[in-house]
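The following exercises are to be worked with the sequence and the coordinates at hand. Each task is followed by a solution in steps.

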Amino acid sequence: MQRRLLLDSDDSRQLTPASLAELEIPTPQLYKDLFYALDDHDANFPVKSDTPGNFEPATKTISVPPYGLEYPAKRIRDKAALESDRPPFHTAMAQFGHEMQHAYDYVLGNSKGGMEASAGSETKYLAVMDTELRAWASEAIIYKAGGETIQGPGKELLAGWSDFSPAQIDRTDAELQKNAIWARIIKYSTANKIGQHDWKTCARTGDLLSRAAEEKKRVEEHVDAPRPTAPEVTIDNAQALPDALKNAGNRITKVERAGDYRVYLFRRQRYKIHKDVVGAGTWFEQAAGSFV
Ligand SMILES: [Zn+2]
């Protein structure tokens with residue numbers, strides 16, 4: 001299958017849900033959802049390791065901090081993953097998940113227009129904060145799946161969401177800095193400030209604090225549950241072929257023969273297609289190869 005989430009470095013390649021499963025590292029469903037959403041998208045998303053983590057809309061490049069990748073990469077080279085390896089793997093997943101959320105926001109057109117607005121404008125500030133809040137929540141949700149094993153920054157991030165309330169904005173900066181979410185709001189509101197406004201004036205702008213409250217709720221209410229596998233789709237005639245499948249090109253993987261049917265995998269969905277349909281179409285040629 002042609003991967004669209006281009007995990008080109010040896011380190012980042014270890015972060016596919018399939019390699020994590022091979023190592024018996026429990027993979028949170030949100031992590032898989034984000035990974036597959038980008039992997040299924042028509043655009044390519046190159047992934048490289050770089051500090052800090054980042055998503056660059058112009059090139060659609062996702063950067064993941066190398067310190068989050070080194071440990072998993074080493075463990076995989078050693079061909080062993082221990083119970084005690086789970087927290088560092090979780091850190092790598094949470095950091096990658098944060099950046100994948102930014103990329104997915106871009107795909108969905110969340111904050112659209114806002115991200116291209118000029119620096120220092122209210123529109124740009126609110127767009128940056130909107131995607132950051134969502135990314136901080138997704139990062140926390142991925143950590144949350146690690147349960148009691150999560151320590152350090154992951155635990156602080158979860159505690160930050162748990163203790164967060166918009167009304168706390170009246171507290172002193174020193175007090176707010178103790179909360180990981182407020183500390184990030186202060187940092188990002190300072191770096192992306194509207195004109196010459198102080199961070200509190202910025203954070204009181206628009207719906208920012210209620211957006212933060214929404215994301216807190218998302219973290220708290222999220223339950224990590226595996227998505228049920230979609231039932232196999234049987235296609236007996238060409239008219240029934242979905243457009244996505246017709247245009248899927250070399251992204252279809254042939255799986256097996258089943259009597260008069262050929263079974264293909266596309267976007268984690270199994271399609272059982274009658275051989276006459278396969279034989280009549282041109283859409284499958286790249287995928288089918290010598291199989292038909
Ligand atoms: Zn971010």
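Two strands are taken as paired if DSSP finds at least two bridges between them. The model examined here is predicted.

**Exercise 1.** Determine in which sense β5 and β8 pair, and over how many bridges.

*Solution.* Step 1: locate the strands; β5 comprises residues 233-235 and β8 comprises residues 269-274. Step 2: count the bridges; there are three, and the sense is parallel. Step 3: apply the criterion; pairing requires at least two bridges. Step 4: identify a facing pair; valine 233 is opposite tyrosine 271 in β8.

**Exercise 2.** Describe how β7 is joined to β8, and state which residue of their hairpin takes a positive phi.

*Solution.* Step 1: β7 covers residues 261-266 and runs antiparallel to β8, with six bridges joining the two strands. Step 2: among the facing residues, tyrosine 261 stands opposite histidine 274 in β8. Step 3: two residues lie between the strands of the hairpin, and arginine 267 has a positive phi near 50 degrees.

**Exercise 3.** Compare the span of α8 with its expected value, and state which elements its buried residues pack against.

*Solution.* Step 1: α8 (residues 180-191) has 12 residues. Step 2: the distance from its first C-alpha to its last is 16 Å, close to the 16 Å expected at 1.5 Å a residue. Step 3: the buried residues of α8 are Ala180, Ile181, Trp182, Ile185 and Ser189. Step 4: these residues pack against α5 (122-144), α6 (152-163), α7 (173-176) and α9 (199-203).

**Exercise 4.** State how the chain is divided into domains and how far apart their C-alpha centres lie.

*Solution.* Step 1: domain 1 spans 5-221 and domain 2 spans 233-291. Step 2: the C-alpha centres of domain 1 and domain 2 are 37 Å apart.

Conventions:
Residues are numbered from 1 along each chain as its sequence is written. This is a predicted model: local features need pLDDT of at least 70, side-chain atom pairs count only at pLDDT 80 or more; totals for chains, interfaces and linings use all residues. Domain bounds come from an automatic or database domain assignment. Helices (H or I, at least four residues) and strands (E, at least two) are DSSP runs, numbered from the N terminus. The expected span of a helix is 1.5 Å times one less than its number of residues. A residue is buried if 20 or more other C-beta atoms lie within 10 Å of its own, exposed if 12 or fewer, and partly exposed in between; C-beta atoms are placed from the backbone. Two residues are in contact if their C-beta atoms, placed from the backbone, lie within 7 Å.
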